[in-house]
Amino acid sequence: MQITKPHAALLASPGMGHLIPVLELGNRLVNHHNLHITVFVVAASDITTEKISQLLDSSPNDHLDVMLLPSVDISGIVDPDTNMVTKIVVTMHESLPALRSAISGMKIRPTALIVDLFGTGAMPIADEFEMLKYVFIASNAWFLATTIYAPFVDKKVLDDEHVDQKKPLKIPGCSSVRFEDTLEAFLDSNDPLYHGYLSVGREISTADGILVNTWEDLEPKSLRALRDGKLLGGVAKAPVYPIGPLARTVGPVSENRVLEWLDMQPSESVIYVSFGSGGTLSSKQMIELAWGLELSQQRFIWVVRPPLENDVSGSFFTVGNGSMGTVDYLPDGFLNRIHNVGLVVPMWAPQAQILEHPSIGAFLSHCGWNSTLESITNGIPMIAWPLYAEQKMNATMLTEELKVSVRSKELPTERIVERQEIEMMVRKVMLDNERLGIKNKVKELKTSALKASSKGGSSYNSLSQLTQDCENRLQ
Ligand code: UDP
């Protein structure tokens with residue numbers, strides 16, 4: 001096909017949680033901003049060509065090409081038990097030669113390369129081919145501000161006040177970060193990810209622009225802080241484009257037993273429970289959650305993955321734990337007892353379609369930013385149940401600032417949340433008066449999200465600016 005439009009390339013880090021927002025950004029640029037997009041996908045075990053085509057089927061388009069880069073073998077470099085983030089970082093690094101050769105082999109070279117948080121190592125490739133380079137932060141502006149500021153944090157303040165005395169970490173112009181919400185790797189300079197996180201913080205601000213999956217009215221304070229330069233100690237900074245929310249565009253709904261079941265339930269009567277593309281709980285926590293849902297006497301859909309045995313609270317599920325069947329880790333007789341009110345879905349559910357369904361009344365979520373936005377754009381109240389990455393910050397933002405969620409008294413990462421507390425939270429967001437206040441707040445956010453993304457809205461205009469930058473580069 002001949003490409004007659006400005007052409008940009010996107011690079012998605014391995015994992016569905018990274019691929020989904022990158023594809024959504026690609027869709028948005030193609031459908032509303034007249035760009036031709038090539039998405040480079042770094043291969044991962046949970047990414048199959050079938051899953052990619054399912055995601056693309058929801059919005060087929062001649063101007064969106066997807067190239068799956070060859071998978072790389074990292075088994076000789078990292079231990080199989082290494083944490084997920086390290087695996088992603090190493091996989092990204094090892095995939096750079098394939099990316100370079102894919103770009104150099106393109107007949108019409110893209111004008112810009114847009115990488116996500118784990119892709120900043122690819123920015124020198126953009127320089128090599130004289131392309132514009134952008135970083136796309138699939139999370140929010142507060143997290144971006146914290147990441148950019150991280151290399152400038154006074155180490156003594158970090159160690160003495162934040163780590164030892166557990167005082168909140170001040171981020172200029174933004175909300176402070178509670179000790180318990182700080183990214184774990186950032187608290188320990190011996191953690192190999194600590195230095196990686198600081199490098200990313202430095203690299204982001206060398207881009208030609210930073211796209212962030214938020215919108216002006218959601219985070220005015222953090223966006224102002226990002227723009228006034230204080231986070232960078234006064235050094236040159238990249239322009240920030242809030243372009244969100246990039247919540248999923250749902251295509252024609254294929255037959256699915258979960259959606260068929262939802263069709264039969266009363267309006268706003270079902271709570272959806274899911275921990276993102278890869279999260280799971282400990283065995284103990286899973287039992288308590290099952291009991292909590294049962295005791296609440298509310299209808300539910302719960303996406304379950306096999307539990308992690310050795311973790312207090314839960315974390316990222318890794319393939320290999322999958323030998324158990326669902327009944328093996330739920331309470332005895334649970335599936336029979338909840339037969340009429342609940343659905344347990346193993347591994348993966350069509351989340352975007354579920355959250356759009358009128359029978360959904362609330363979402364118990366791990367607060368991954370995609371899930372958060374999918375909830376907000378559908379006006380769904382939440383129970384915040386963060387597990388890892390920046391999810392604890394997101395949970396605080398949702399509960400304390402935006403007031404669209406409730407959460408347990410202590411973080412679920414610190415201790416097991418017991419069944420009575422879970423029952424109470426579920427009843428709060430589904431039934432109590434509190435639901436009304438939360439519902440009104442989240443509806444306000446839904447309206448402001450729609451306004452930002454519509455033609456002429458702030459996020460729409462940010463993407464138009466990006467398109468203009470690409471066109472100017474072509475001339
Ligand atoms: N998702 C889905 N079905 C599932 C679990 C997740 O479609 O069973 C999608 C979800 O809709 C969201 C993404 O996977 O778009 C998860 O991204 P998020 O940022 O919420 O969490 P992460 O997976 O990155 O932790």
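**View 1. Leu11 of the predicted model stands opposite Phe40, a residue of strand S2.** The model shown in this and the following views is predicted. Strand S1, residues 7-12, and strand S2 run in the parallel sense where they pair, and 6 bridges join them.

**View 2. Strand S2, residues 36-41, is mostly covered.** Of its 6 residues, 6 are buried.

**View 3. Leu10 has its place in strand S1.** Leu10 counts as buried because 26 other C-beta atoms lie within 10 Å, where 20 or more are required. When residues up to four places away in sequence are left out, the contacts of Leu10 are Val22, Leu25, Gly26, Ile37, Val39, Phe40 and Ile114.

**View 4. Helix H7 comprises the 13 residues 192-204, and its length agrees with expectation.** At 1.5 Å a residue, the helix should span 18 Å, and the C-alpha atoms at its ends are 19 Å apart, which agrees. Which residues of H7 are buried? They are Val200, Gly201 and Ile204. These residues cover an arc of only 100° around the axis, and they therefore lie on the same side of H7. The elements that cover the buried residues of H7 include strand S5 (132-137), helix H5 (141-149) and strand S6 (209-212).

**View 5. The ligand is surrounded by 19 residues.** The closest of them are Gly17, Gly276, Ser277, Gly368 and Ser371. Helix H1 (16-33), helix H13 (351-356) and helix H14 (369-377) are the elements that give two or more residues to the shell around the ligand. Among the contributors, H14 gives the most, with 4 residues. When the residues of the shell are sorted by class, 7 are nonpolar, 10 are polar and 2 are charged.

Key:
Residues are numbered from 1 along each chain as its sequence is written. This is a predicted model: local features need pLDDT of at least 70, side-chain atom pairs count only at pLDDT 80 or more; totals for chains, interfaces and linings use all residues. The expected span of a helix is 1.5 Å times one less than its number of residues. A residue is buried if 20 or more other C-beta atoms lie within 10 Å of its own, exposed if 12 or fewer, and partly exposed in between; C-beta atoms are placed from the backbone. The arc is that of the directions from the helix axis to the C-beta atoms. Two residues are in contact if their C-beta atoms, placed from the backbone, lie within 7 Å. A residue is near a molecule or strand if its C-beta atom, placed from the backbone, lies within 6 Å of it. Ala, Val, Leu, Ile, Met, Phe, Trp, Tyr, Cys and Pro count as nonpolar, Asp, Glu, Lys and Arg as charged, and the others, Gly among them, as polar. Two strands pair if DSSP finds at least two bridges between them.
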